[in-house]
Amino acid sequence: MKIVFFIQSSTVILENYTIKDIPGSSGRLDVISRSILAAMLGENGLDINIEVWVFLENYGTFIFNSNDFNDDYFPKNEILLSDYFVKYIRNMREPNPLKTVKCVNMNIFKALQNFINLNFQIFILDEDGQDFYPFFKNFNHNDNLLFIIGNQIGEIITSEDLTHFNFKRISLGSQSYLASSVIRLIKLNLRLII
């Protein structure tokens, strides 16, 4: 099974970035970093076969593939991950454990089309969507799944372009969750079933 998460942000801006105030100086890069960590890390280090595609409107598309990282060197806390990610985006010439991150020239809709062609099951996480738990019964270890996680203002989830794809909209319940919590809940439930 391969699990992919799509996260998009139009608010990340790094001109005034400082490690002393990551949330305030980066346009909430901390939210992206927390989500990456939630996806990549399992109980015993890096999980396998997990990808996180981060679509930053101001900087490009970045692919984090858990299979490409060395567990001993991957930054496992939000501050370190954020700082190394900023250095990667800025193309700073110093050792960086994120050097295997891929930067691609592809918007979210083109990327979705590629995953459709690869026969991924694609879901949009939406508080108003169908209950997700019945879907778990149908998953098995051969399935490849992609989850589109909305941001705090729901731009991508409500976009007309995304509606044309007609993906299933699913919900993890009536409670609002942070993106990183949504990712952890998805992974936890997948482990219980598969």
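The structure is a predicted model, in which local features need pLDDT of at least 70 and side-chain atom pairs count only at pLDDT 80 or more, while totals for chains, interfaces and linings use all residues. Residues are numbered from 1 along each chain as its sequence is written, and side-chain values use heavy atoms, with hydrogens and water left out.

## The sheet

Helices (H or I, at least four residues) and strands (E, at least two) are DSSP runs, numbered from the N terminus. Seven strands form an open sheet in the order E6-E5-E4-E1-E8-E7-E9, and their pairing is mixed. Two strands are said to pair if DSSP finds at least two bridges between them. Strand E6 (102-104) and E9 each have a single partner strand and stand at the edges, so one side of each has no neighbour in the sheet. On average, neighbouring strands of this sheet are turned by 30° against each other, with direction ignored.

| Strand | Partner strand | Bridges | Sense |
|---|---|---|---|
| E1 (residues 2-9) | E8 | six | parallel |
| E7 (residues 121-131) | E8 (residues 144-149) | four | parallel |
| E7 | E9 (residues 168-171) | five | parallel |

Leu125 stands opposite Ile170 in E9.

How many residues of E8 are buried? Five of the six residues of E8 are buried, and the strand is thus described as mostly covered. Here buried means under 20% relative accessible area, exposed means over 50%, and partly exposed lies in between (1.4 Å probe, protein chains only). In a regular strand the side chains alternate between the two faces of the sheet.

## Helices across the sheet

Helix H2 lies across E1, strand E4 (50-56) and strand E5 (60-65), and runs at about 165° to E4. Helix H3 lies across E4, E5 and E6, and runs at about 130° to E5. For these angles, axes are lines fitted to C-alpha atoms, for helices over the stretch in contact, and the values run from 0 to 180 degrees between N-to-C directions.

Two packed helices are described by the angle between their axes and the distance between the axes. The axes of H2 (residues 29-40) and H3 (residues 78-89) come within 9 Å and cross at roughly 110°. This makes H2 roughly perpendicular to H3, a term for angles of 65 to 115 degrees, whereas angles under 35 degrees count as roughly parallel, over 145 as roughly antiparallel and the rest as oblique. The crossing of H2 and H3 is right-handed; a crossing has this hand if the near helix is turned clockwise from the far one by less than a right angle, and is left-handed if anticlockwise.

Which residues of H2 and H3 meet? Leu29, Asp30, Ile32, Ser33, Arg34, Ile36 and Leu37 in H2 meet Glu78, Leu81, Ser82, Phe85 and Val86 in H3. By class, seven of the residues in this contact are nonpolar, two are polar and three are charged. Ala, Val, Leu, Ile, Met, Phe, Trp, Tyr, Cys and Pro count as nonpolar, Asp, Glu, Lys and Arg as charged, and the others, Gly among them, as polar.

## Two residues of helix H7

Ser180 is placed in helix H7 (residues 179-193). Ser180 is buried, with a relative accessible area of 5%. Not counting residues up to four places away in sequence, Ser180 touches Arg34, Ser35 and Ala38, where contact means heavy atoms within 4.5 Å.

Leu190 also lies in helix H7 and counts as buried at 4% relative accessibility. With residues up to four places away in sequence left out, Leu190 touches Met1, Ile3, Phe136, Phe139, Leu145 and Phe147. The C-alpha atoms of Leu190 and Met1 are separated by 10.0 Å, although these residues are 189 residues apart along the chain.

## Two loop residues

Asn49 lies in the loop between strand E3 (45-46) and E4. Its phi is near 60°, a positive value in a residue other than glycine, and Asn49 counts as partly exposed at 28% relative accessibility. Asn166 lies in the loop between helix H6 (160-163) and E9. Phi of Asn166 is near 65°, again a positive value in a residue other than glycine. Is Asn166 buried or exposed? Asn166 is exposed, with a relative accessible area of 67%.
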